[in-house]
Every structure is written in C-alpha cells, then in structure tokens.
Amino acid sequence: MITEEIFALWSPEPRVFVLDEVQGVHVVRGSIHPARIVLMVIGILAVVGVVVAWPVIDSAGEYLFAVAAIVAPPMVGSTSRALTPRTLHLVGRHLGVEVTLFTSSDMLMFGQVKRALMRAFEARSRSLDRRDLAGYDEAYHMLNRVL
C-alpha cells in the first residue's frame with residue numbers, strides 16, 4: 001500500500017515506512033544469472049567459428065549448419081533472459097540506514113511500484129508546500145503526533 005504518508009509491504013514480512021523518514025530512493029539491478037553469461041560466451045564462440053569457417057563451407061548441409069549456429073544463440077539468449085530475469089531492488093535510506101524497500105524480478109510490477117512511490121513522494125511534497133503556504137504546517141504536525 002502506498003499513500004502520501006506511508007509505504008507498506010506485507011510480504012515477505014510486514015514493514016511500514018513513513019515517507020518523511022525515507023530518503024535517496026534509487027534502483028539497484030541484481031546480478032546476471034551465471035547461465036546467461038555461459039550461454040552468451042557459447043553464442044559468441046559459435047558465431048566466430050562460423051565466420052572463420054565460412055570460406056571452407058561448400059555444401060548445402062554445411063550452410064544449413066552455419067545458419068543454425070548463427071541463429072541459435074540469439075534465440076537461446078532471449079529464452080534464457082525470459083527464464084532467468086534480473087532482480088530489481090528499490091533501495092533507500094530509512095532513518096539513516098540503507099534498506100531495500102521493494103524487490104521483484106517482474107519488470108512490470110517493479111515499474112508500477114516504483115512509479116506509485118515516486119508519485120506518493122511528489123504528492124507528499126505538494127501537500128507540504130500547500131500546508132506551509134497556508135500556515136498550517138505546525139498545527140498539522142502537532143495533530144499527527146497526537147493522533
């Protein structure tokens with residue numbers, strides 16, 4: 001749940017962050033899965049092998065094998081990317097301590113949460129500006145402490 005006041009999570013453990021206490025929110029990308037690196041190296045070696053061997057290829061079967069060796073690495077790479085997505089972390093400082101606010105490997109969900117949190121910060125900033133202009137900021141903070 002994200003509001004002008006709080007950012008609350010229930011999973012994997014319940015945590016509530018007051019937006020006034022959160023600063024320096026940024027995105028940290030997780031590491032690439034080792035299988036993706038191995039597949040990329042194999043793909044590069046296959047393409048280099050085909051380029052080096054191209055002058056000596058002379059039969060239809062060899063051309064077919066060469067084309068397959070060039071086409072297969074990008075297909076395997078895109079499949080491995082879908083099966084082993086990078087994890088994204090929304091990190092910030094809460095009360096002076098760096099904390100991970102949200103983590104997901106689902107790009108769509110991560111983007112939605114990040115955008116909602118940024119909008120909450122913007123809305124919080126606008127409401128604070130309005131209270132300051134109206135002269136109610138001190139009374140608002142006192143009322144919040146009482147409640």
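Where in α2 does a kink of about 25 degrees lie? Select V71: the kink is there, shortly before the proline P73. The bend at a residue is the angle between axes fitted to the seven residues ending there and the seven starting there.

This is a predicted model, where local features need pLDDT of at least 70, side-chain atom pairs count only at pLDDT 80 or more, and totals for chains, interfaces and linings use all residues. Residues are numbered from 1 along each chain as its sequence is written, and side-chain values use heavy atoms, with hydrogens and water left out.

**Helix α2**

Now select residues 60-83, the whole of α2. Helices are DSSP runs of H or I with at least four residues, strands are runs of E with at least two, and both are numbered from the N terminus. The 24 residues of α2 reach 34 Å from first C-alpha to last. That is close to the 34 Å expected at 1.5 Å a residue, where the expected span is 1.5 Å times one less than the number of residues.

Pick A66, A69 and S80, which are buried (under 20% relative accessible area; exposed is over 50%, partly exposed in between; 1.4 Å probe, protein chains only). The buried residues of α2 pack against α1 (34-53).

**The nonpolar core**

Next, show F7, L90, L101, F102 and L117. They have the most contacts inside the largest nonpolar core, which has 13 residues. Such a core is a set of buried Ala, Val, Leu, Ile, Met, Phe, Trp, Tyr and Cys residues joined through side-chain atoms within 4.5 Å. β1 (6-9), β4 (88-94), β5 (97-104) and α3 (107-134) each give two or more residues to this core. The largest share, four residues, comes from α3.

Centre on F102, which is buried at 12% relative accessible area. Leaving aside neighbours within four places in sequence, its contacts (heavy atoms within 4.5 Å) are F7, L9, L88, H89, L90, M109, F110 and V113.

**Aromatic pairs**

The count comes to three aromatic pairs. Rings of Phe, Tyr and Trp (its six-membered ring) pair if their centres lie within 6.5 Å; planes under 30 degrees apart are stacked, over 60 edge-to-face, the rest tilted. Select W54 and Y63: this pair is edge-to-face, at 5.2 Å centre to centre and 70 degrees between the planes. W54 is partly exposed at 39%, and Y63 is partly exposed at 34%. Then take F102 and F110, a stacked pair at 6.1 Å and 25 degrees. F110 is buried, at 4%.

**The hairpin**

Finish at β1 and β2 (residues 15-18), which run antiparallel and are joined by four bridges. Two strands pair if DSSP finds at least two bridges between them. Select I6: its bridge partner in β2 is V18. The hairpin joins β1 to β2 through five residues.
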